[in-house]
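This report walks through a single protein chain. Keep the structure in view while reading.

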Amino acid sequence: MANYTRSEIITIAKTLLDESSDDFWSASQQNDLANMANKKVYRILTRVNPELFLSTKSWTWPSGTESITLTAADYFNEEPYKVLEVAETENNSAPGNGNLPHQRIPIRFTERTKWHHQEWDHRKLAGTISRGYVLQGDKMYVAPIPESDQYIHVAWVPKLSTLINPSDATDGTIEVLNGKAEMFGDAVAYCLAYLMDAKQEGQNKHVTELWYSAVKEMEGQARTRQLQRPRRVVSRRSH
(Lines give C-alpha, C1' and ligand atoms only; values in the text may rest on other atoms or scores of the structure.)
Protein backbone atom coordinates (compact mmCIF):
# COMPACT_ATOMS: atom_id res chain seq x y z
CA MET A 1 0.00 0.00 0.00
CA ALA A 2 1.46 3.34 -1.08
CA ASN A 3 1.17 6.63 0.74
CA TYR A 4 0.13 9.96 -0.76
CA THR A 5 2.70 11.76 -2.91
CA ARG A 6 3.60 15.44 -2.76
CA SER A 7 1.52 16.15 -5.88
CA GLU A 8 -1.50 14.39 -4.36
CA ILE A 9 -1.47 16.24 -1.04
CA ILE A 10 -1.11 19.57 -2.89
CA THR A 11 -4.11 18.67 -5.06
CA ILE A 12 -6.17 17.75 -1.97
CA ALA A 13 -5.18 20.93 -0.11
CA LYS A 14 -6.03 23.17 -3.08
CA THR A 15 -9.38 21.40 -3.50
CA LEU A 16 -10.20 22.05 0.17
CA LEU A 17 -9.31 25.71 -0.33
CA ASP A 18 -11.26 25.92 -3.61
CA GLU A 19 -8.13 27.00 -5.47
CA SER A 20 -7.39 25.44 -8.85
CA SER A 21 -4.52 27.62 -10.09
CA ASP A 22 -1.05 28.57 -8.83
CA ASP A 23 -1.87 32.27 -8.69
CA PHE A 24 -2.32 32.67 -4.94
CA TRP A 25 0.44 30.26 -3.91
CA SER A 26 3.33 29.75 -6.30
CA ALA A 27 4.49 26.22 -7.11
CA SER A 28 7.61 26.87 -5.03
CA GLN A 29 5.53 28.01 -2.04
CA GLN A 30 3.30 24.95 -2.32
CA ASN A 31 6.33 22.64 -2.34
CA ASP A 32 7.88 24.34 0.68
CA LEU A 33 4.62 24.24 2.65
CA ALA A 34 4.10 20.58 1.68
CA ASN A 35 7.55 19.79 3.09
CA MET A 36 6.69 21.71 6.27
CA ALA A 37 3.38 19.85 6.67
CA ASN A 38 5.13 16.52 6.20
CA LYS A 39 7.63 17.38 8.94
CA LYS A 40 4.88 18.50 11.32
CA VAL A 41 2.91 15.25 10.99
CA TYR A 42 6.09 13.14 11.21
CA ARG A 43 7.07 14.84 14.47
CA ILE A 44 3.64 14.26 15.99
CA LEU A 45 3.61 10.57 15.05
CA THR A 46 7.19 9.87 16.12
CA ARG A 47 6.44 11.49 19.46
CA VAL A 48 3.31 9.40 20.03
CA ASN A 49 4.45 6.10 18.48
CA PRO A 50 7.86 6.04 16.80
CA GLU A 51 7.42 2.35 15.96
CA LEU A 52 5.23 3.42 13.04
CA PHE A 53 8.53 4.21 11.28
CA LEU A 54 10.63 1.43 12.75
CA SER A 55 13.72 0.19 10.91
CA THR A 56 16.28 -2.35 12.09
CA LYS A 57 20.00 -2.67 11.49
CA SER A 58 22.71 -5.06 12.66
CA TRP A 59 26.49 -4.70 12.68
CA THR A 60 29.69 -5.74 14.47
CA TRP A 61 31.05 -3.40 17.15
CA PRO A 62 34.87 -3.66 17.01
CA SER A 63 36.68 -4.79 20.16
CA GLY A 64 38.54 -2.11 22.11
CA THR A 65 36.43 0.66 20.55
CA GLU A 66 34.58 3.20 22.69
CA SER A 67 32.67 4.95 19.89
CA ILE A 68 31.59 4.55 16.28
CA THR A 69 30.40 7.10 13.70
CA LEU A 70 26.83 6.19 12.78
CA THR A 71 27.00 8.00 9.44
CA ALA A 72 29.66 5.56 8.21
CA ALA A 73 28.61 3.08 5.53
CA ASP A 74 29.14 0.11 7.89
CA TYR A 75 26.48 1.43 10.26
CA PHE A 76 23.39 3.59 9.51
CA ASN A 77 25.03 5.53 6.70
CA GLU A 78 23.11 8.54 8.09
CA GLU A 79 22.38 10.21 11.41
CA PRO A 80 19.27 8.57 12.89
CA TYR A 81 16.22 10.56 13.96
CA LYS A 82 15.71 8.30 16.99
CA VAL A 83 17.24 5.11 18.36
CA LEU A 84 14.62 2.99 20.14
CA GLU A 85 16.66 0.01 21.29
CA VAL A 86 20.22 -1.31 21.19
CA ALA A 87 20.85 -4.98 21.91
CA GLU A 88 23.83 -7.31 21.58
CA THR A 89 24.13 -11.04 20.91
CA GLU A 90 26.93 -13.53 21.46
CA ASN A 91 27.37 -14.28 17.76
CA ASN A 92 26.64 -12.58 14.47
CA SER A 93 23.62 -14.67 13.50
CA ALA A 94 20.07 -13.38 13.82
CA PRO A 95 18.62 -13.26 17.35
CA GLY A 96 16.91 -16.52 18.28
CA ASN A 97 16.56 -19.11 21.03
CA GLY A 98 20.22 -20.00 20.74
CA ASN A 99 21.36 -16.41 20.36
CA LEU A 100 19.24 -14.33 22.70
CA PRO A 101 19.73 -10.55 22.58
CA HIS A 102 20.68 -8.56 25.69
CA GLN A 103 19.52 -4.98 25.82
CA ARG A 104 22.04 -2.17 26.25
CA ILE A 105 21.03 0.57 28.66
CA PRO A 106 20.89 4.25 27.58
CA ILE A 107 23.08 6.37 29.89
CA ARG A 108 24.26 9.99 30.01
CA PHE A 109 27.51 10.99 28.31
CA THR A 110 29.00 12.06 31.65
CA GLU A 111 28.22 8.64 33.19
CA ARG A 112 30.62 6.82 30.87
CA THR A 113 33.63 7.05 33.21
CA LYS A 114 31.73 5.44 36.06
CA TRP A 115 30.58 2.62 33.79
CA HIS A 116 34.10 2.10 32.41
CA HIS A 117 35.38 1.41 35.92
CA GLN A 118 32.72 -1.14 36.82
CA GLU A 119 34.00 -4.68 37.29
CA TRP A 120 32.86 -6.39 34.06
CA ASP A 121 31.65 -9.85 34.96
CA HIS A 122 28.55 -10.06 32.76
CA ARG A 123 26.32 -9.25 35.72
CA LYS A 124 22.71 -8.74 34.80
CA LEU A 125 20.61 -5.68 35.46
CA ALA A 126 16.84 -6.01 34.98
CA GLY A 127 17.40 -9.07 32.82
CA THR A 128 19.99 -7.47 30.51
CA ILE A 129 23.77 -7.36 30.38
CA SER A 130 24.80 -4.17 32.15
CA ARG A 131 26.55 -2.39 29.29
CA GLY A 132 25.50 1.20 28.55
CA TYR A 133 25.37 3.28 25.38
CA VAL A 134 25.24 6.99 24.59
CA LEU A 135 24.14 8.87 21.48
CA GLN A 136 26.02 12.11 20.86
CA GLY A 137 25.38 13.69 17.47
CA ASP A 138 26.44 11.20 14.80
CA LYS A 139 28.38 9.06 17.30
CA MET A 140 27.41 6.15 19.55
CA TYR A 141 29.52 5.38 22.64
CA VAL A 142 29.61 2.20 24.71
CA ALA A 143 30.68 1.58 28.30
CA PRO A 144 32.44 -0.50 29.44
CA ILE A 145 34.54 -0.79 26.28
CA PRO A 146 34.20 -4.37 24.95
CA GLU A 147 37.25 -6.62 24.98
CA SER A 148 35.98 -8.61 21.99
CA ASP A 149 33.81 -7.93 18.95
CA GLN A 150 30.16 -7.36 19.83
CA TYR A 151 27.22 -8.12 17.56
CA ILE A 152 24.75 -5.27 17.69
CA HIS A 153 21.06 -5.11 16.70
CA VAL A 154 19.42 -1.68 16.64
CA ALA A 155 15.79 -0.58 16.31
CA TRP A 156 15.74 2.98 15.00
CA VAL A 157 13.76 5.68 13.20
CA PRO A 158 15.32 7.33 10.11
CA LYS A 159 15.17 11.06 9.51
CA LEU A 160 12.34 12.27 7.31
CA SER A 161 13.19 12.52 3.62
CA THR A 162 12.43 15.80 1.88
CA LEU A 163 9.50 15.88 -0.53
CA ILE A 164 11.50 18.07 -2.89
CA ASN A 165 13.74 16.23 -5.33
CA PRO A 166 16.99 18.27 -5.33
CA SER A 167 17.62 17.44 -8.98
CA ASP A 168 14.04 18.05 -10.16
CA ALA A 169 11.74 20.29 -8.10
CA THR A 170 8.82 19.45 -10.41
CA ASP A 171 8.99 15.77 -9.44
CA GLY A 172 5.95 15.29 -7.21
CA THR A 173 6.13 11.49 -6.88
CA ILE A 174 7.97 11.31 -3.52
CA GLU A 175 5.67 9.82 -0.87
CA VAL A 176 4.89 11.59 2.40
CA LEU A 177 6.04 10.19 5.78
CA ASN A 178 8.86 8.21 4.13
CA GLY A 179 6.20 6.05 2.49
CA LYS A 180 5.04 4.65 5.85
CA ALA A 181 2.05 5.13 8.20
CA GLU A 182 -0.30 5.27 5.21
CA MET A 183 -3.36 5.65 7.44
CA PHE A 184 -2.11 9.14 8.38
CA GLY A 185 -1.23 10.35 4.88
CA ASP A 186 -4.40 12.47 4.65
CA ALA A 187 -3.32 14.31 7.80
CA VAL A 188 -0.37 15.72 5.83
CA ALA A 189 -2.81 17.10 3.25
CA TYR A 190 -4.98 18.65 5.99
CA CYS A 191 -1.89 20.20 7.60
CA LEU A 192 -0.81 21.60 4.23
CA ALA A 193 -4.26 23.13 3.66
CA TYR A 194 -4.09 24.61 7.18
CA LEU A 195 -0.67 26.17 6.47
CA MET A 196 -1.81 27.51 3.10
CA ASP A 197 -4.93 28.95 4.73
CA ALA A 198 -2.69 31.03 7.00
CA LYS A 199 -2.06 33.32 4.01
CA GLN A 200 -5.81 33.94 4.00
CA GLU A 201 -5.69 34.63 7.75
CA GLY A 202 -7.45 31.37 8.56
CA GLN A 203 -10.67 32.24 6.72
CA ASN A 204 -11.49 28.60 5.95
CA LYS A 205 -12.81 27.28 9.27
CA HIS A 206 -13.52 23.85 7.75
CA VAL A 207 -9.82 23.40 7.00
CA THR A 208 -8.94 24.38 10.57
CA GLU A 209 -11.44 21.85 11.92
CA LEU A 210 -10.06 19.12 9.64
CA TRP A 211 -6.51 19.70 10.85
CA TYR A 212 -7.40 19.86 14.56
CA SER A 213 -9.47 16.69 14.16
CA ALA A 214 -6.57 14.98 12.37
CA VAL A 215 -4.20 15.85 15.25
CA LYS A 216 -6.59 14.28 17.78
CA GLU A 217 -7.00 11.21 15.58
CA MET A 218 -3.25 10.79 15.13
CA GLU A 219 -2.56 11.04 18.84
CA GLY A 220 -5.44 8.72 19.70
CA GLN A 221 -4.99 6.04 17.04
CA ALA A 222 -1.21 5.93 17.20
CA ARG A 223 -1.26 5.63 20.99
CA THR A 224 -3.96 2.94 20.80
CA ARG A 225 -1.84 0.92 18.38
CA GLN A 226 1.13 1.24 20.72
CA LEU A 227 -0.77 0.14 23.82
CA GLN A 228 -2.99 -2.57 22.41
CA ARG A 229 -2.88 -5.82 24.37
CA PRO A 230 -5.19 -8.78 24.88
CA ARG A 231 -8.07 -8.05 27.20
CA ARG A 232 -9.84 -10.49 29.50
CA VAL A 233 -13.60 -10.59 29.32
CA VAL A 234 -15.24 -11.02 32.70
CA SER A 235 -18.81 -12.34 32.87
CA ARG A 236 -20.87 -11.71 35.98
CA ARG A 237 -24.21 -13.19 36.83
CA SER A 238 -27.03 -10.86 37.65
CA HIS A 239 -28.93 -11.58 40.84
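The text below goes from the whole chain to selected helices, a sheet and single residues.

**Overall picture**

The model is predicted. Its protein chain holds five helices and 10 strands. Of the 239 residues in the chain, 41% are buried. The chain exposes about 14200 Å². Take the contacts in the chain with a separation of 6 or more: residues 24 or more positions apart account for 71% of them.

**Helix H1**

Helix H1 covers residues 6–16. Its buried residues are Arg-6, Ile-9, Ile-10, Ala-13 and Lys-14. On which side of H1 do they lie? They cover an arc of only 135° around the axis, so they sit on the same side of H1. The spacing follows a general rule. An α-helix has 3.6 residues a turn, so residues three or four places apart point the same way.

What covers the buried residues of H1? The cover includes helix H2 (27–48) and helix H4 (185–197). After H1 comes Asp-18, with a positive phi near 55°.

Helix H2 contains both Gln-29 and Thr-46. Gln-29 is partly exposed, at 34%.

Thr-46 touches Phe-53, Tyr-81, Lys-82 and Val-157, leaving out residues up to four places away in sequence. A polar atom of the Thr-46 side chain also lies 2.8 Å from the backbone oxygen of Tyr-42.

Gln-29 is in contact with Phe-24 and Lys-199, once its neighbours within four places in sequence are set aside.

**Glu-88 in strand E3**

Strand E3 spans residues 82–89 and includes Glu-88. Glu-88 is buried, with a relative accessible area of 4%. Which side chains make polar contacts with the side chain of Glu-88? One is that of Arg-104, at 2.8 Å. Another is that of Arg-131, at 3.1 Å. The C-alpha atoms of Glu-88 and Val-154 are separated by 8.7 Å, although these residues are 66 residues apart along the chain.

| Pair | Kind of distance | Value |
|---|---|---|
| Glu-88 and Arg-104 | polar contact, side chains | 2.8 Å |
| Glu-88 and Arg-131 | polar contact, side chains | 3.1 Å |
| Thr-46 and Tyr-42 | side-chain polar atom to backbone oxygen | 2.8 Å |
| Glu-88 and Val-154 | C-alpha to C-alpha | 8.7 Å |

**A four-stranded sheet**

Four strands form an open sheet in the order E2-E9-E8-E5. The pairing is mixed. Which strands stand at the edges? They are E2 (67–69) and E5 (105–106). Each has a single partner strand, so one side of each is left without a neighbour in the sheet.

E2 runs antiparallel to strand E9, residues 139–143. Three bridges join the two strands. In E9, Tyr-141 is the bridge partner of Ser-67.

Terms used
Residues are numbered from 1 along each chain as its sequence is written. This is a predicted model: local features need pLDDT of at least 70, side-chain atom pairs count only at pLDDT 80 or more; totals for chains, interfaces and linings use all residues. Side-chain values use heavy atoms; hydrogens and water are left out. Buried means under 20% relative accessible area, exposed over 50%, partly exposed in between (1.4 Å probe, protein chains only). The arc is that of the directions from the helix axis to the C-beta atoms. Contact means heavy atoms within 4.5 Å. A polar contact is a pair of N or O atoms within 3.5 Å; within protein, one must be able to donate a hydrogen and the other to accept it, and residues adjacent in sequence count only if both atoms are side-chain atoms. Two strands pair if DSSP finds at least two bridges between them. Accessible areas come from the Shrake-Rupley method with a 1.4 Å probe; for residues, only the protein chains shown count as cover.
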